[in-house]
Amino acid sequence: MRNLISIPIVCILLSACSSSPIDPEEFAGQFTDRFTTQIKGKEIKLFTYTARLATSTERNLDEGLPHSQRVNRRKQDARSYAREQARREEQREAWEENVQLGLDKTLAMTGYCRTGYIELSRYVVTDRAEIRGECNEGATEQDIQKFAD
């Protein structure tokens, strides 16, 4: 009887650990980004925003060996693997939110697309991202002086 009571408690505890939301702040200081601009005449203002997770040496971390990770994965059962995959999806979503936030802040700080932009392409994977866009407004003389190649 005692074992029957402990099983539901363990299940509840495990599900509580795996369902905790990912805080976007987990990525603070852990990625590098780059913002490039291209002005074509006075009508077209393009940009590319790229971001990638910093490597372990850039963050001064010692990551585990890939081989040991593969060995550990083999030891997992199907449910723990499913929880790990769900957590990775949450991390990818948090990563995408951080990339978008980085782009929004960069545009606000530079004043490049003052009236918004049209997204031309978006590529976001686990450790890197690229968003390309075209500003809604044309280039001013100040834009050409500040952002032209």
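How many helices and strands does the secondary structure of the chain come to? The chain has 4 helices and 4 strands, where helices (H or I, at least four residues) and strands (E, at least two) are DSSP runs numbered from the N terminus. Along the sequence they follow the pattern α-β-β-α-α-β-β-α. This is a predicted model, in which local features need pLDDT of at least 70 and side-chain atom pairs count only at pLDDT 80 or more, while totals for chains, interfaces and linings use all residues. Residues are numbered from 1 along each chain as its sequence is written, and side-chain values use heavy atoms, with hydrogens and water left out.

**Confidence**

- The average pLDDT of the chain is 75, and 63% of the residues score at least 70; pLDDT is the predictor's confidence in each residue, from 0 to 100.
- Residues 1–24 stay under 50 in pLDDT, and the model gives them 10 contacts beyond four places in sequence, a contact being heavy atoms within 4.5 Å.
- Residues 58–63 also have a pLDDT below 50, with 6 contacts in the model beyond near neighbours in sequence.
- Where pLDDT is low, the predicted coordinates should not be read in detail.

**Strands and their pairing**

- Strand β1 (residues 31–40) and strand β2 (residues 44–53) run antiparallel and are joined by 10 bridges; two strands pair if DSSP finds at least two bridges between them.
- These two strands form a hairpin with 3 residues between them, and Gly41 in the turn has a positive phi of about 65°.
- Gln38 has Leu46 in β2 as its bridge partner.
- β2 also pairs with β4 in the antiparallel sense, over 7 bridges, and Phe47 has Gly133 in β4 as its bridge partner.
- β3 and β4 run antiparallel with 7 bridges, and they form a hairpin with 3 residues between them.
- Val124 stands opposite Ala129 in β4.
- In a regular strand the side chains alternate between the two faces of the sheet.
- In β4, the covered face consists of Ala129, Ile131, Gly133 and Cys135, and the uncovered face of Arg128, Glu130, Arg132 and Glu134.

**Core and surface**

- The largest nonpolar core has 17 residues, and those with the most contacts inside it are Phe35, Phe47, Val99, Leu103 and Tyr112; such a core is a set of buried Ala, Val, Leu, Ile, Met, Phe, Trp, Tyr and Cys residues joined through side-chain atoms within 4.5 Å.
- Two or more residues of this core come from each of β1, β2, α3 (78–110) and β4 (128–135), and α3 gives the most, with 4 residues.
- Beyond four places in sequence, Phe35 touches residues including Phe47, Leu103 and Tyr112.
- Of the 149 residues in the chain, 23% are buried (under 20% relative accessible area, with a 1.4 Å probe and protein chains only).
- The accessible surface of the chain is about 10,500 Å², and 54% of this belongs to carbon and sulfur atoms (Shrake-Rupley method, 1.4 Å probe).

**Disulfide**

- The structure holds 1 disulfide, defined as a pair of cysteine sulfur atoms within 2.5 Å.
- This disulfide joins Cys113 to Cys135, with an S to S distance of 1.9 Å.
- Cys113 lies in the loop between α3 and β3 (117–124) and Cys135 in strand β4, so the pair links distant parts of the chain, 22 residues apart.
- The link of Cys113 and Cys135 is left-handed, with -65° about the S-S bond.
- Cys113 is buried at a relative accessible area of 10%, and Cys135 is buried at 4%.

Note on methods
Buried < 20%, exposed > 50% of the residue type's maximum accessible area, 1.4 Å probe, protein only.
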